[in-house]
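Here are a few notes to read alongside the model.

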Amino acid sequence: MFRILHRETLAESTFSWVVAAPDIARAAQAGQFVMLRLHEGGERIPLTLADFDAAAGTVTLVIQAVGRTTREMEARYVAGSTFSDLAGPLGRPQHITRPGTVVLVGGGLGVAPVYAQARAFREAGNRVRVVLGFRDAGRVFWTARFAALVERPDDLLICTEDGSAGRTGRVTDPLAELCGASSADERPDLVVTVGPLAMMRACAEVTRAASVPTLASINTLMVDGTGMCGACRVTVGGQVRFACVDGPDFDAHAVDFAELLARQGRFAREEARASEDYAHLCHVEHQLFELGAHEYKKLRTLAPHQAPMPERDATERVRHFEEVGLGYTLADALAEAERCIQCTRAPCVSGCPVGVDIPGFIRHVLVRDFDAALGVIHQTNAFPSICGRVCPQESQCEAQCVVGKKLEPVGIGRLERFVGDRAARTATRPGAPPPSARPSRVAIVGSGPAGLAAATDLARAGVEVTVFEALHVVGGVLRYGIPAFRLPRDVIDREVEALVALGVRFETNTVIGTTFTLDDLLSREGYDAAFVGAGAGAPVFLGLPGEFAGQVYSANEFLTRVNLMAANDFPVAETPLRVGQSVVVLGGGNTAMDCVRVARRLGVPTVRCVYRRSEAEAPARAEELRHAREEGVEFLFLHAPLDILVDDRGEITGLCVEEMTQGEPDASGRRKPVHTGREQVLACDTVIYALGTQANPLLSRTAPGLETNPRGNIVVDPQTQATSLRGVFAGGDIVTGGATVVLAMGAGRRAAAAILQYLAGARAWPPVLGAAPSQASTEAPAAGPPCPKCRRPVSGPEAYICCADATLSWQCRDCARVDEGFAFPYGLCPACGGTLEPREPASVRSTAALEAVRTAFEIELGGLSFYRRAAEETTSPVMRALFGRLAAMEAGHMSTLAARYHLDLPASPPVVFLDRAAIFSGVPREPRDPVNLFRIAIAFEQRALRFFSAAAAETAEGTPPGGEDTGVTAALYRELAAEEAEHVAMLETELARYLADRPGLL
């Protein structure tokens, strides 16, 4: 990288850089040039050296902002900025002789390189006369520098085309006068001209008539600068020469300027497109970063479909294990990023298990700042290249995308992968702070996604981290469970290397439970805490007849032999694998898709996938199902295995399956497969079980007191990931059973936060999350001033409304009932549904603000009550679980409002009858029907959205009743409206997935 030490604006659209480049400065001579490139994807542009200082190790470049790259240089690069490449010095230096009088003619940007040559000719003992031409006075620069070089004032001649400075006209007029001078002493012995081609050709014609030797500096377009590309070719005296190696100075009378001028516009259209693109980039940057715009696009202006991911052809990819998805090109990524409207309250963030600021990183992609985009992702996700490839975005962040309500959602996962791959080569990851005298030590058990995520956060906080891995390589399930065509090994290696750079130690071939126990780690080995992220690696079998056969594999064994031990290269690799000619895989998840696709790559001609539920219920990603079909895999949905048929030698001959049909939803909310009695035999010689995994007891049985559930999974606190053993935390599949990579990472990050607090505090057990600083912190954050009215803490610098001691008493206009406190539904009488009016003046300065806060409380209170009652009365287990989560969400919102506005929560929420809630929401059907409960909930949230949206508009137009704090009130209404819009979108998504027999997002 090269650093700009000084930047100066010289004239309109003209500026100079002084760049630290000691090697170039030491070798530079007058007349030479350099090739500059700003960044990855930037063009190489030639710039003649305007000045150089070998002692200081600097070179001076003068640039005029005329095209895409130079405009970017002007707008984005200041003193202290760095750029990628500077090669030189290039070209032959000016042949400095002592002819006598040398006239140097510079035009436009050519004025700058004239300076270095004028100085060199002057130092050689020549009389130097300088003619400089500019369009107008606003573009004139460096006249003082030139004045210091010449002997006499009349040796410096300035011309402007409009006469606003110096002489009126072009440089050829004073040049003709000098060449036609009556005195031989006044006539030039040599003319050197640098500037636009048309100017140099005109100068050559003037000096040709006067028989004055003339050199023209030809600095044409080129991409190389060392003689390789041939783009800078110029015909001189009938011979083809190259400006970068034979020039840049040539006999001006022999140069074919007509040919050069004809070639000069070869990229005019492309340069215009580049300029338009840069103008768009500047507009986006202004909108998003300077104005902070949100939802700055209309859906109708967006491309309706995601930019497609380039992929290898199916017939080609089944022959090898190279990655299928080739990743977005720069153009693909920018086109997809343009589809993000930058929501005010982005629901996609809540759909991400680790809470990546998705609009934030896409905002940086839009302005081509990929390092900054990576920095945003790294705030919550250390492994974007991995998650961008293997996370089920279509059921997480992309399912919540606002654009996806009308069009295809933004390709968030593909953009995350693009940023992780592209920026990781240059971006600096957060480093570990300097070690303290005695840093805390934490042991991580397992190097899968949960362990790596926990290790990253702990190492960044200055903790000494050691990761213990039972296998001989690091990566856990990322390495043995996911094939290279989905997750290339170099991507895993890159992420692990970044952790090593943070100071994380990896101990492979170490089995916790045998090599060490958890007690060994926390006592004899001296670790202060431990995190268990060992995964759930024990396979699940069905107990079918014939399961004993040698060609029955678990998915773990099958994939580990290939992914980890390279059995696909047997016998070159020494691990064998026998698959035969016909493989059946049992299961419908991503692991099953990995198995069938690996089998096809091993050359198996017939590969089938048997799954007892429908395709819509298959947990595999839609993309994985599509890829498997394209690669020749056959699917038998709604089929269940009954019997593995084996011959007398123990060889598999077939699999007996029964066709199923769909019944009523089971406890998981999915429609239960029902037997039909219709059976068939699938001829095969290999069966692979991909039906999930269960906890391996290797660790837990050597850890007395470690609580596990009946399935063997470790029991933890869901907030802190703390186990029943002091100092031991756990997360990932060992806790949840088989799940996704990003969910495991989320558990690892939660555990890391809890571990840091545990280490920083009194180490009470179980730990409680609070505000204790991490080990990396040196000072506790300063507390804000208390509220002057009620002395409660003020959260943050934003404007707030203190509602402490506010009197909330209401009377119904219709039935005259008096209601104290909060009402449900908001502002309506609980008895008759009539309108409530305030009975006493509120003891708060702004009645309008209090009205906004009161309504917000009533909405949240009503939602909490409705969701709790709906969870109690519904007959659907899916609805019971969903409404329980929504009730918890509303309770959290109420706690936030209470803390922010200094109001006390009601002791108990009101009792809500679902039939009355249906009437209030305008939904006439039976409220206990699961779908109808959804509709009631959506109607409530839509009603709240309409209310707050109208109130925000009304408040913005004029002073509301009560008059004071209009800005605070309007901002609160807008905030609440955005929140309700998010709730509506979330519930509509849940309903759509429920109706499609798909698992819900919550």
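1. First, the ground rules. This is a predicted model, in which local features need pLDDT of at least 70 and side-chain atom pairs count only at pLDDT 80 or more, while totals for chains, interfaces and linings use all residues. Residues are numbered from 1 along each chain as its sequence is written, and side-chain values use heavy atoms, with hydrogens and water left out.

2. Let us start with strand β1 (residues 2–11), which runs antiparallel to strand β2 (residues 14–20) and is joined to it by six bridges. Helices (H or I, at least four residues) and strands (E, at least two) are DSSP runs numbered from the N terminus, and two strands pair if DSSP finds at least two bridges between them. Across this pairing, Glu8 faces Ser16 in β2. The two strands make a hairpin with two residues between them, and Ser13 in the turn has a positive phi of about 65°.

3. β1 has another antiparallel partner to look at: strand β7 (residues 82–83), joined to β1 by two bridges. Here Arg3 stands opposite Thr82.

4. Next, please look at helix α10 (residues 330–337) against helix α15 (residues 412–423): their axes are 10 Å apart and they pack at an angle of about 135°. Axes are lines fitted to C-alpha atoms over the stretch in contact, with angles from 0 to 180 degrees between N-to-C directions. That angle makes α10 oblique to α15, the class left once angles under 35 degrees (roughly parallel), over 145 (roughly antiparallel) and 65 to 115 (roughly perpendicular) are set aside. The contact (heavy atoms within 4.5 Å) involves Leu330, Ala333, Glu336 and Ala337 of α10, with Leu415, Phe418 and Arg422 on the α15 side.

5. Is Thr686 buried or exposed? Thr686 counts as buried because its relative accessibility is 0%, where buried means under 20% relative accessible area, exposed over 50% and partly exposed in between (1.4 Å probe, protein chains only). Thr686 belongs to strand β30 (residues 686–689). Leaving aside neighbours within four places in sequence, its contacts include Gln551, Tyr553, Arg578 and Ile652.

6. Finally, Ala210 lies in helix α6 (residues 197–210). Ala210 is partly exposed, with a relative accessible area of 30%. Its C-alpha atom is 6.1 Å from that of Cys179, a residue 31 residues apart from Ala210 along the chain.
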